[in-house]
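Dear colleague,

I am handing over to you the structure shown below. Please read the notes that follow it with the model open beside them.

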Amino acid sequence: MVDLFLGRSLVCNNRDRVEYDTEREIILRLQNRILLLFFGSADCQRCQEFVPTLKDFFKRLTDEFYVERSAQLVLLYISLDQSEEQLENLLKELPKKCLFLTHDDPYRRELESMFEVEDVASVVVLRPDCSVLLPNAVSEISSLGTDCFHNWQESAELMDRNFMLNEEFDDKKMRSVTDPIRHLKYKVKTKKRRRQWG
């Protein structure tokens, strides 16, 4: 994912408008994270309605007020606005930790065609290796909220779900069908109880 933005200038949506343009800064911001590319425009009614939902979603996963440790998630606003003023208007509504490309950066349009964005508001979810996890997550974010991030996180890790051994189902003392998975996932060792006579 880092390769996608090397040589570009990403700006943080804070008061100081900090620019990340060196290779090291971009790697620190994007490496090993799920990236949300939010394609939007200030004059789009659908975007105006979706932005509060997206802001709440992002804050609940990255703000220390809601979570103990910030999620490995980056929100990057790709403006499809016609003017700098429209870009600024929408940035006021987006989270302060959000990154964006400047209005005069032609790479915005390249990204739009690269990810085949046909309508706004659109959120393209990218894995850390830059492959597309979800071409448009607007409906998923709206309906599932932060729960969808956990699904993405699991998918981005490319967990092999075929690790369960068949013979583990022969054990009649299982509390549930998911016991073998839990035992393997959390490395729980079953201990045999010894009777102590005393």
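This is a predicted model: local features need pLDDT of at least 70, side-chain atom pairs count only at pLDDT 80 or more; totals for chains, interfaces and linings use all residues.

Residues are numbered from 1 along each chain as its sequence is written, and side-chain values use heavy atoms, with hydrogens and water left out.

Confidence. The pLDDT is the predictor's confidence in each residue, from 0 to 100. Its mean for the protein is 81, and 78% of the residues reach 70 or more. Over residues 158-171 the pLDDT is below 50, and this stretch has 14 contacts in the model beyond near neighbours in sequence; a contact means heavy atoms within 4.5 Å.

Strands. Helices (H or I, at least four residues) and strands (E, at least two) are DSSP runs, numbered from the N terminus. A residue is called buried under 20% relative accessible area, exposed over 50%, and partly exposed in between (1.4 Å probe, protein chains only). Strand β3 (residues 34-40) is largely enclosed by the rest of the structure, because 7 of its 7 residues are buried. Ile34, Leu36, Phe38 and Gly40 point one way from β3, while Leu35, Leu37 and Phe39 point the other way.

Two strands pair if DSSP finds at least two bridges between them. With strand β4 (residues 73-79), β3 runs parallel, joined by 7 bridges; Phe39 has Ile78 as its bridge partner in β4. The chain passes from β3 through helix α3 (residues 45-62) to β4 in a right-handed β-α-β crossover. Right-handed here means that, with the strands pointing away from the viewer, the path from the first strand over the helix to the second runs clockwise. The pairing of β3 with β6 is antiparallel, over 5 bridges, and Phe38 stands opposite Val123 in β6.

Ser122 belongs to strand β6 (residues 122-126). This residue is buried, with a relative accessible area of 4%. Leaving aside residues up to four places away in sequence, Ser122 touches Leu37, Phe38, Phe39, Val117, Pro135, Asn136 and Val138.

Helix α4. The buried residues of α4 are Gln86, Leu87, Leu90 and Leu91. They lie on the same side of α4, because they cover an arc of only 135° around the axis, the arc being that of the directions from the helix axis to the C-beta atoms. The elements that cover them include β3, α3, β4 and β5.

Salt bridges. A salt bridge is a side-chain nitrogen of Lys or Arg within 4 Å of a carboxyl oxygen of Asp or Glu. By this rule there are 6 salt bridges. One of them joins the side chains of Asp119 and Arg46 (3.2 Å, N to O). This pair links distant parts of the chain, 73 residues apart: Asp119 is in the loop between α5 (107-114) and β6, and Arg46 is in helix α3. Asp119 is partly exposed at 40% relative accessibility, and Arg46 is partly exposed at 38%.

Lys97 and Glu64 also meet through their side chains in a salt bridge (3.7 Å, N to O). Lys97 lies in the loop between α4 (84-91) and β5 (99-101) and Glu64 in the loop between α3 and β4, 33 residues apart. A further salt bridge joins Glu112 and Arg109 (2.9 Å, N to O); both lie in helix α5, 3 residues apart, about one turn of the helix.

Yours sincerely
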